[in-house]
Amino acid sequence: MMWSSLQRRSLAIFTHRFVSQSNLTVTENGRQWHGLWCISQRFLHRTPIQQGFAGGISSTSFEISAGLAEEQVQIQKVALDFSEKELKPYMAEWDQKEVFPMDTIRKAAKLGFGAIYTKEDYGGSGLSRLDASIIFEALSQGCVSTTAYISIHNMCVWMIDTFGNTEQRQKWIPKLATMETFASYCLTEPNSGSDASSISTSAKKQGDHYILNGSKAFISGAGDSDVYVVMCRTSGAGPKGISCIVVEKGSPGLNFGKKESKMGWNSQPTRAVIFEDCKVPVENLIGSEGSGFSIAMMGLNGGRINIASCSLGAAHASIDAALSYLKVRKQFGKPLSKFQHNQFTLARMATDLVACRLIVRNAAIAIDENHPDVVTLCSMAKLFATDKSFEIVNNSLQMHGGYGYLKDTPIQQYLRDVRVHQILEGTNEIMQLVIARNILKD
């Protein structure tokens, strides 16, 4: 793996204190366990270092670093350390006060997280989709909502970097990579959700400009972002009539709806984006006319892995919280960790987490390798990981009892934030249709 100078500087700053732990191993004190009991006891007897955000390389397959190359482990440690110091202490405040932490997000960009899988020539980090998944999983342990916005921004940057021409890349990528400017993805409309090919926002060419009319719904970052990657209709009905145009904040005719009040994802604003005779230069067309739907779908493959990775981080953090709580909370004269029901539930949570991580990382590799079944693999990963991760978080909340329902604990926030992951980037019902269509084809 080739690392950019930015990555090397980031690692030098954030990983020096972990070097001494790189050969850490953990023994089991002669314990031997079997089946579900084995899994639950292995988790219940993890050492504090194994449970920590930035612990050493683990000797077990349950750990977040399992199966990663040494370079990826170091990148992961950078993300975990940032998550622990810059996100987790503030996630509750950002949620309750609906703060969009733009300064903190820009700090993440200084680590190379603003353009993770964008080419290096204009400031991207040049990492793989697997690396991005690892980073988003780590960051989301600190704040799912903030990490999810960073992931959407990355998807937008990748679209411009991959399908834009040299002038477009030169114009937008440098500031997007540092997150001096923020990006939003505009596909969904009030009357077009899962049926993305039916969008009606129009872009009529008049001289050297496009005139856009229509609206987009549920747009993350809308109103605060500087660059909007818009899917709009430049010709007839169907997917071949859709094009991709970049609309910059301040463009004549670009307006925004009210800030939505949401169940979760409260550290990022969500608004409608409204185009009323919005005038955009023709040179803002990404790719060719009619290629927008293809660009959107390719972007969503990665977007589904990014969101699934954010769910993994919440699930991992929720299991860690459950472990700590079960060991100290006592009922009927013994810790909750001694009750077999809790042990078996914990065992299944752990098993689901490992399975989710494997299927997500496998799909990320499929994108990197341009696998012929990449659409299906990404759909499977998004479906399975977001469903199972929500179950894991919900089980953790149940284990906490009434305390889990209080806003003093992070579990309820993880639950509210990951719920939307089963809806966006293609609902999980649509994911099932995509998968079924693939396995039923001749």
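## Overall organisation

Of the contacts in the protein chain with a separation of 6 or more, 75% are between residues 24 or more positions apart, a contact being heavy atoms within 4.5 Å. The structure is a predicted model, in which local features need pLDDT of at least 70 and side-chain atom pairs count only at pLDDT 80 or more, while totals for chains, interfaces and linings use all residues. Residues are numbered from 1 along each chain as its sequence is written, and side-chain values use heavy atoms, with hydrogens and water left out.

The protein chain has 442 residues, of which 56% are buried. Buried means under 20% relative accessible area, exposed means over 50%, and partly exposed lies in between (1.4 Å probe, protein chains only). The chain contains 14 helices and 10 strands; these are DSSP runs numbered from the N terminus, with helices (H or I) of at least four residues and strands (E) of at least two.

## Packing of helices 7 and 8

Helix 7 (residues 129–140) and helix 8 (residues 144–163) have axes that come within 8 Å and cross at roughly 155°. The axes are lines fitted to C-alpha atoms over the stretch in contact, and angles run from 0 to 180 degrees between N-to-C directions. The two helices are therefore roughly antiparallel to each other (angles under 35 degrees count as roughly parallel, over 145 as roughly antiparallel, 65 to 115 as roughly perpendicular and the rest as oblique).

From helix 7, the contact involves Arg 129, Phe 136, Leu 139 and Ser 140; helix 8 contributes Val 144, Thr 147, Ile 150, Ser 151, Asn 154 and Trp 158. By class, these comprise five nonpolar, four polar and one charged residues. Ala, Val, Leu, Ile, Met, Phe, Trp, Tyr, Cys and Pro count as nonpolar, Asp, Glu, Lys and Arg as charged, and the others, Gly among them, as polar.

Ser 65 lies in the loop between helix 3 (48–51) and helix 4 (70–87). This serine is buried, with a relative accessible area of 13%. Leaving aside residues up to four places away in sequence, Ser 65 touches Val 73 and Gln 76.

Ile 75 is located in helix 4 and counts as buried at 7% relative accessibility.

## Pairing around strand 7

Strand 7 (residues 270–281) runs antiparallel to strand 3 (residues 209–220), to which nine bridges join it; strands pair if DSSP finds at least two bridges between them. Within strand 7, Pro 281 stands opposite His 209. Strand 7 also pairs with strand 6 (residues 254–256) in the antiparallel sense, over three bridges, and here Leu 254 stands opposite Phe 275.

## Helix 10

Helix 10 (residues 292–328) has 37 residues and reaches 54 Å from its first C-alpha to its last, close to the 54 Å expected at 1.5 Å a residue. The expected span is 1.5 Å times one less than the number of residues. Helix 10 is mostly covered, with 29 of its 37 residues buried.

## Two residues with positive phi

Most residues other than glycine have a negative phi. Trp 265 is not a glycine, yet has a positive phi of about 50°. Trp 265 is found in the loop between strand 6 and strand 7 and is buried, with a relative accessible area of 5%.

Phe 332 likewise has a positive phi, of about 55°, although it is not a glycine. Phe 332 is placed in the loop between strand 9 (330–331) and strand 10 (334–335), where it is exposed, with a relative accessible area of 78%.
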